[in-house]
Amino acid sequence: MTVAPLRPSRSDTIDAPLALLGGTFDPVHRGHLRIALDTATALRLPEVRLIPSKAPVHRASPGASEADRLAMLRLAVADDQSGTLRVDDRELRRDTPSYTVLTLQSLRAEYPTRPLLWLIGIDAFAHIKSWYQWPQLFELAHFVVLNRPGYAVATALSPALADLWQPRLAQEAAALRATAAGRILLHTVPPQAVSATEIRNSLANGASDSALAPLLPAAVLAYIRSHHLYAPRAG
Ligand code: ATP
C-alpha cells in the first residue's frame, strides 16, 4: 500500500492570505506589534509583513533615519517567538516615493492569486482618498481597518468614505479569503493606547526607561539609547 505524502492544503500555502502593515515606524512600538499579532491570531493569518516607508508621502518627516528605523524594526521582529512577523524593506530599496499602490503592485506581481490584506488604523484609513492612485488600492488588496484609541469608528465610516465601504464591506473575515482583493473589513483589536508621536515627545522630554518600557520592546529602547535617537535637545 502506498501512502500519499502529507502535504499542506492549497489554502494553507499558495493562497494563504498575506497581511501587510505599512508605516513610518518612527519608532516601531508595542502598539504596532500587538495589532499585527492580535489580527494575525483572530484572522488566522500566517504572516504579517511590516513595511517601513521611505519618504513620508502622507505626512511630516520622520525623526530617525531609514537605516535606524529599519534596524529597530528588525530588532522588534526578532523578539516575536511566533515567527508571524517579518520585515519587508522593499519601499526602502525602491528608487521612488513610498506610494502604497507601487508596493502592492510589486507584491501582486510576486503573488498573483494570494489575498493581500493591508492592515491600517482608523486614523490612517480616514485619509485614504489622499493616497496616490487610491482607487487602484482596492484592486490590489483588501483593507482591514483597525480601531485605535482616540479615533472613533465613525471616522472610518464617515459619509466621505461611504462610496468605498458600500460595495466592499465584508461582514466576516472569511470574505477576505474568497477573493484576492477588493473588500474592506472593520476589525476590532484590543485597544493599544500608544503612538510613535507620544514616544518621540517623551524621549525629547527626557523620559526614563521605566516610563518607556511599556511602550517599546526592550531591544528597541536599548537601540534608541545607544544611538541617541529622539534625544532631548541641548539648551
Ligand atoms: P505617528 O505617531 O508618528 O503618526 P504611529 O504610531 O501612528 O506614528 P505609524 O508608523 O504611522 O505609527 O503607523 C503605521 C500603521 O499602524 C498605521 O496604519 C496606523 O494607523 C497603525 N497604528 C499605529 N499605532 C496604532 C495603535 N496604537 N492602534 C491601532 N493602529 C495603530
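Trainee: What should I keep in mind before I read any value?

Mentor: This is a predicted model, in which local features need pLDDT of at least 70 and side-chain atom pairs count only at pLDDT 80 or more, while totals for chains, interfaces and linings use all residues. Residues are numbered from 1 along each chain as its sequence is written, and side-chain values use heavy atoms, with hydrogens and water left out.

Trainee: What makes the strands an open sheet, and in which order do they stand?

Mentor: Strands are DSSP runs of E with at least two residues, helices are runs of H or I with at least four, and both are numbered from the N terminus. Two strands pair if DSSP finds at least two bridges between them. By that rule 6 strands form an open sheet in the order β3-β2-β1-β4-β5-β6, with parallel pairing. Because β3 (85-87) and β6 each have a single partner strand, they stand at the edges, and one side of each is left without a neighbour in the sheet. The twist averages 30° from one strand to the next, where angles run from 0 to 180 degrees between N-to-C directions and axes are lines fitted to C-alpha atoms, for helices over the stretch in contact.

Trainee: How do you know that β5 pairs with β4 and with β6?

Mentor: Strand β4 (residues 116-121) is joined to β5 by 5 bridges, and Ile120 stands opposite Val145 of β5. Between β5 and strand β6 (residues 184-187) there are 4 bridges, again in the parallel sense, with Leu146 opposite His187 of β6. Elsewhere in the sheet, strand β1 (residues 18-23) pairs with strand β2 (residues 48-52) over 5 bridges, and Ala19 has Val48 as its bridge partner in β2.

Trainee: Why is β5 called largely enclosed?

Mentor: A residue is buried under 20% relative accessible area, exposed over 50% and partly exposed in between, using a 1.4 Å probe and protein chains only. Strand β5 (residues 142-146) has 5 of its 5 residues buried, so the rest of the structure largely encloses it. In a regular strand the side chains alternate between the two faces of the sheet.

Trainee: Why is the pair of Phe125 and Trp165 called edge-to-face?

Mentor: Rings of Phe, Tyr and Trp (its six-membered ring) pair if their centres lie within 6.5 Å, and planes under 30 degrees apart count as stacked, over 60 as edge-to-face and the rest as tilted. The count by this rule comes to 4 aromatic pairs. Phe125 and Trp165 are 5.5 Å apart, centre to centre, with 65° between the planes, and are therefore edge-to-face. This pair links distant parts of the chain, with Phe125 in helix α5 (residues 122-125) and Trp165 in helix α8 (residues 162-168), 40 residues apart. Phe125 is buried at a relative accessible area of 0%, and Trp165 is buried at 5%.

Trainee: What makes the pair of Phe138 and Phe143 tilted?

Mentor: Their ring centres are 4.9 Å apart and their planes stand at 40°, so the pair is tilted. Phe138 is buried, with a relative accessible area of 4%, and Phe143 is buried at 0%. Ring pairs link Phe125, Phe138, Phe143 and Trp165 into a cluster.

Trainee: How do you know that the charged end of Arg168 sits over the ring of Phe138?

Mentor: The rule asks for NZ of Lys or CZ of Arg within 6 Å of the ring centre and within 35 degrees of the ring normal. The charged end of Arg168 sits over the ring of Phe138 at 4.8 Å from its centre, and that of Arg114 sits over the ring of Tyr111 at 5.1 Å.

Trainee: Why are α2 and α12 called roughly antiparallel?

Mentor: Helix α2 (residues 66-78) and helix α12 (residues 218-226) pack at an angle of about 150°, with their axes 8 Å apart. Angles under 35 degrees count as roughly parallel, over 145 as roughly antiparallel, 65 to 115 as roughly perpendicular and the rest as oblique, and α2 and α12 are therefore roughly antiparallel.

Trainee: Why is Ala71 called partly exposed, whereas Ala160 is called exposed?

Mentor: Ala71, which is found in helix α2, has a relative accessible area of 21% and is therefore partly exposed. Ala160, in the loop between α7 (153-156) and α8, is exposed because its relative accessible area is 53%.
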